[in-house]
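Take a look at a few residues in the model below. The report covers where they sit and how open they are to the surroundings.

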Amino acid sequence: IVYIVTMLQKSVPKRLHGRIFALSNLVYFACLIALNGVGIGLQQLVRREILTLSTVGMIGMFFSLIVTFGVVMWTEWLRFVWLRRLVYLPLRLFCGLRVVGRENVPVRGPLIVAGNHVSWLDTVFIGVAVPRIVHYMAASTYYYRLWLRPIMVMFGAIPVQSDRNASGVLRAAISIVERNRVFGLFPEGALSRDGSLQPAKGGIGLIARRTGVGILPVALIGAYDVYPVHQRFPRPGRVTVRIGARIDPTGMERDEVTERVMQAIQALMEEGHA
């Protein structure tokens, strides 16, 4: 509970801290009363030799794990914090993951994250590198598959009908940033076949013009060598995620925004290879 309250204090405005304290105390005492009742019930079962102490211990451990997992999965920000920490170590060991420019990420407010698309793990690399919850769109045919659904939910994917028109996708993207969230996309629109930066589709410029939200350029360097589009399984390598300065689209035309973003991504890629 202390950990959850601490994380809440960091993620909500100071004016709400009093409510957080009141809510945490209410939850604490409610849990305390409930656990006392459960403890008394289990004590009676042990006295009657219906259960053994080891069985009670296993029940308590299982119950704690279920409650912890439920809280983590239900609370989006907490789910991302734990997931990011869980994934970071394997990526660090397997891919030598390094992040440059994390200080360029705004702590709060709407944001668009735009990166080059070179591997199947791009969303994971960006999700670990950017200290915000980045929401991506995923085709509903993949989102609702039984074995992919938990992964999609954990990484903040938003289901979109595969036959949905451009205006529908635009409305979905706008709804994300209007809620002060972070929307992630790959301006190229598809995975690069050779690891180079492909021409942009123009959607980034349209979304930025409609919303006026700043764009954070991100370059993935080395990700293509780890898990390119034509490879079945990932392989060890060295991946660097370079985060550039936020681009303000105010006063720019749609094509100008797109060009500016792609130039920023290209410059970050060249810096990483220098």
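Thr250 is part of the loop that links strand 8 (240-243) and helix 11 (254-273). The model is predicted. Thr250 has a relative accessible area of 60%, so it counts as exposed, because exposed means over 50%. Its side chain has a partner: the side chain of Asp248 makes a polar contact with that of Thr250, at 2.7 Å. Val213 is 37 residues away from Thr250 along the chain.

Now move on to helix 11. Asp255 lies in this helix. With a relative accessible area of 62%, Asp255 is exposed. Which residues form a negative surface patch? They are Glu253, Asp255, Glu256 and Glu259.

A further loop runs between helix 8 (166-178) and strand 6 (182-185), and Asn180 is found there. Is Asn180 buried, partly exposed or exposed? Asn180 is partly exposed, because its relative accessibility is 48% and the exposed class needs over 50%. The backbone is worth a look too. Most residues other than glycine have a negative phi. Asn180 is not a glycine, yet its phi is positive, at about 60 degrees.

The table sets out the accessibility values.

| Residue | Relative accessible area | Class |
|---|---|---|
| Thr250 | 60% | exposed |
| Asp255 | 62% | exposed |
| Asn180 | 48% | partly exposed |

Key
Residues are numbered from 1 along each chain as its sequence is written. This is a predicted model: local features need pLDDT of at least 70, side-chain atom pairs count only at pLDDT 80 or more; totals for chains, interfaces and linings use all residues. Side-chain values use heavy atoms; hydrogens and water are left out. Helices (H or I, at least four residues) and strands (E, at least two) are DSSP runs, numbered from the N terminus. Buried means under 20% relative accessible area, exposed over 50%, partly exposed in between (1.4 Å probe, protein chains only). A polar contact is a pair of N or O atoms within 3.5 Å; within protein, one must be able to donate a hydrogen and the other to accept it, and residues adjacent in sequence count only if both atoms are side-chain atoms. Patches are made of residues with over 30% relative accessible area and no salt bridge: like charges are joined within 9 Å, nonpolar side chains (Val, Leu, Ile, Met, Phe, Trp, Tyr) within 5 Å. Accessible areas come from the Shrake-Rupley method with a 1.4 Å probe; for residues, only the protein chains shown count as cover. A salt bridge is a side-chain nitrogen of Lys or Arg within 4 Å of a carboxyl oxygen of Asp or Glu. Lys and Arg count as positive and Asp and Glu as negative; His and the chain ends are not counted. The place of a charge is taken as NZ of Lys, CZ of Arg, CG of Asp or CD of Glu.
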